[in-house]
Structures are given as C-alpha cells and as structure tokens.
Amino acid sequence: MAGHSHWAGIKHKKALIDNRRGKLWSKLAKAIIVAAKHGGGDPNANLKLRYAIDAAKAVSMPKENIERAIKKGTGEGADAASFDEILYEGYGAGGVAVLCEVLTDNRNRTAGEVRKIFEISDGKLGATGCVAYLFERKGLLVIGGDQTNEDALMELALEAGADDVRSTGGKFEVTCDPSAFQTLCDALDSRRIAAEVKEISRVPCTTVDLDADTARKVLRMMELLDDHDDVQSVSANFNLPDEALVELARN
C-alpha cells in the first residue's frame with residue numbers, strides 16, 4: 001500500500017496549490033452537494049456529509065461556501081444542483097489498476113475526457129468491474145514519524161478500531177474500516193497527533209512494483225486525472241520500491 005499512501009501525500013501537497021486556484025473548493029462543494037442530496041443537510045445525521053464538510057474545513061473552505069453547497073444539495077437554494085456519481089475503472093502503464101471517482105453533470109463529456117487521459121498516458125479505460133475488486137474501501141491516515149513512535153501509535157490506533165499500522169518511508173500508515181474512521185480521528189486528535197492525510201479511500205489489496213520510468217508515467221496520469229474538475233479521487237495499486245523513489249528524486 002506504500003504507493004497508495006505515497007500518492008495520498010502528493011495530493012496533500014497539491015491541495016495547497018489547488019486551494020489557491022479554487023479548484024479544490026469546487027470539488028469539495030460537489031461532494032457536499034451530493035452528500036446533502038442523498039442523506040439530508042444535517043451532518044450529525046449524515047455521516048457522508050460530515051466527512052465532506054470536515055474535508056472542506058481542512059483546506060479552509062469558507063463557511064458560507066459550505067452552507068451554500070448544502071442548500072444546493074437539499075434543494076433549498078434557487079440554484080439547486082444535481083450530479084451523477086460514476087466510478088471509472090482502467091489500467092495505467094505497467095498494468096497498474098486505476099479507479100476514478102467522479103461527480104459530473106455531463107456523463108458524455110466526462111467519459112470522453114477521462115478516456116483521453118488514459119490513452120495519452122499509455123493506459124486504457126476498462127469496463128465496469130474490471131479492477132474494482134482489487135480495492136477495499138478503507139479509512140487511511142498518514143502520520144509523520146516525528147509525531148509519535150510506532151509502539152504508542154499502535155496501541156492507540158488499535159484501541160480506536162484500526163486494522164493495521166505500518167511504518168514506511170519515515171511515516172506511519174494507519175488503516176481502518178470506514179465505520180471506525182471518525183473514532184480513530186478523534187483518538188489521534190485527543191493526543192494531539194496530527195495526520196498529514198485523513199481520508200476514506202479505496203485502498204489496494206495487492207500492489208504492482210514499478211520502475212522509475214513507469215512510475216513517472218503513472219504519476220503523471222494520476223495528476224492529470226486528479227486535476228480534472230469532475231474527478232473527486234483517484235486510486236491505484238502501484239508500489240514504488242526504494243530504488244525507484246531514489247531515481248525519481250534525482251530527476
């Protein structure tokens with residue numbers, strides 16, 4: 001899973017830039033709209049909405065933007081919006097399995113644009129179900145090694161419902177069932193342990209090791225997909241061995 005958390009870290013850094021462009025806020029607003037449409041506008045009774053709001057607050061999305069998005073979702077505003085949720089599946093360079101979670105108001109446009117990104121990246125968009133079985137929906141937290149030690153984190157995380165705690169590349173990866181995600185986040189907050197990444201995402205069950213050249217192509221495709229206005233999240237089952245990371249760092 002190291003490759004997955006590596007990508008999660010890249011997204012975290014990119015979020016600061018996306019935030020300044022307003023792109024990330026737009027994506028988060030869509031997530032809030034859909035959550036409110038399906039489960040109502042009360043985050044205390046709608047866990048999906050609560051997570052969407054927490055993600056928005058984490059990147060300083062203004063309160064009025066959040067409230068406006070909730071109203072659009074519940075149909076209270078004059079500009080009520082509707083988006084389709086779609087999961088695109090396919091393969092990247094090196095046979096890497098890729099999932100894209102999309103919210104769109106124009107299926108045909110988005111399908112064509114996503115397919116094009118796969119094609120120009122030496123990948124191929126696949127049929128429904130072709131790679132989804134290779135992933136599990138999990139809560140994922142990535143914590144810097146300077147925040148705590150492995151034994152203390154292991155004890156705290158497992159008591160709070162975590163499935164696993166791994167040390168890799170100077171960081172800790174903590175995974176849990178989505179139902180335990182909020183409890184785990186609250187437990188870390190209570191100990192003042194800050195997570196670089198906190199998200200519920202599709203975590204790969206198995207991974208494919210990539211060399212530096214293939215990794216460069218896959219990461220570029222991931223960035224292009226993540227930059228697309230309709231793509232909410234991108235997951236892939238690649239792993240970057242230490243030697244590939246070293247070579248990528250040189251270049």
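Modeller: We take the charged pairs, then one serine. This is a predicted model, where local features need pLDDT of at least 70, side-chain atom pairs count only at pLDDT 80 or more, and totals for chains, interfaces and linings use all residues. Residues are numbered from 1 along each chain as its sequence is written, and side-chain values use heavy atoms, with hydrogens and water left out.

Biologist: How many salt bridges are there?

Modeller: Side chains of opposite charge can pair when their charged atoms come close. The rule here is a side-chain nitrogen of Lys or Arg within 4 Å of a carboxyl oxygen of Asp or Glu. It gives 14 salt bridges. One of them joins Asp84 and Arg107, with the closest N and O atoms 3.2 Å apart. Asp84 sits in strand 1 (residues 84–91) and Arg107 in helix 5 (residues 107–120), so the pair ties together parts 23 residues apart in sequence. Helices (H or I, at least four residues) and strands (E, at least two) are DSSP runs, numbered from the N terminus.

Biologist: Which residues are linked in a network of salt bridges?

Modeller: Lys30, Asp105, Arg109 and Asp230. Within it, Arg109 meets Asp105 at 3.7 Å, N to O.

Biologist: Is Ser235 buried or exposed?

Modeller: Buried means under 20% relative accessible area, exposed over 50%, partly exposed in between (1.4 Å probe, protein chains only). Ser235 is buried, at 3%. Asp105 is exposed, at 54%. Ser235 belongs to strand 9 (residues 231–236). A polar atom of the Ser235 side chain lies 3.3 Å from the backbone oxygen of Arg202.

Methods:
Polar contact = N/O pair within 3.5 Å; in protein donor to acceptor, adjacent residues only side chain to side chain.
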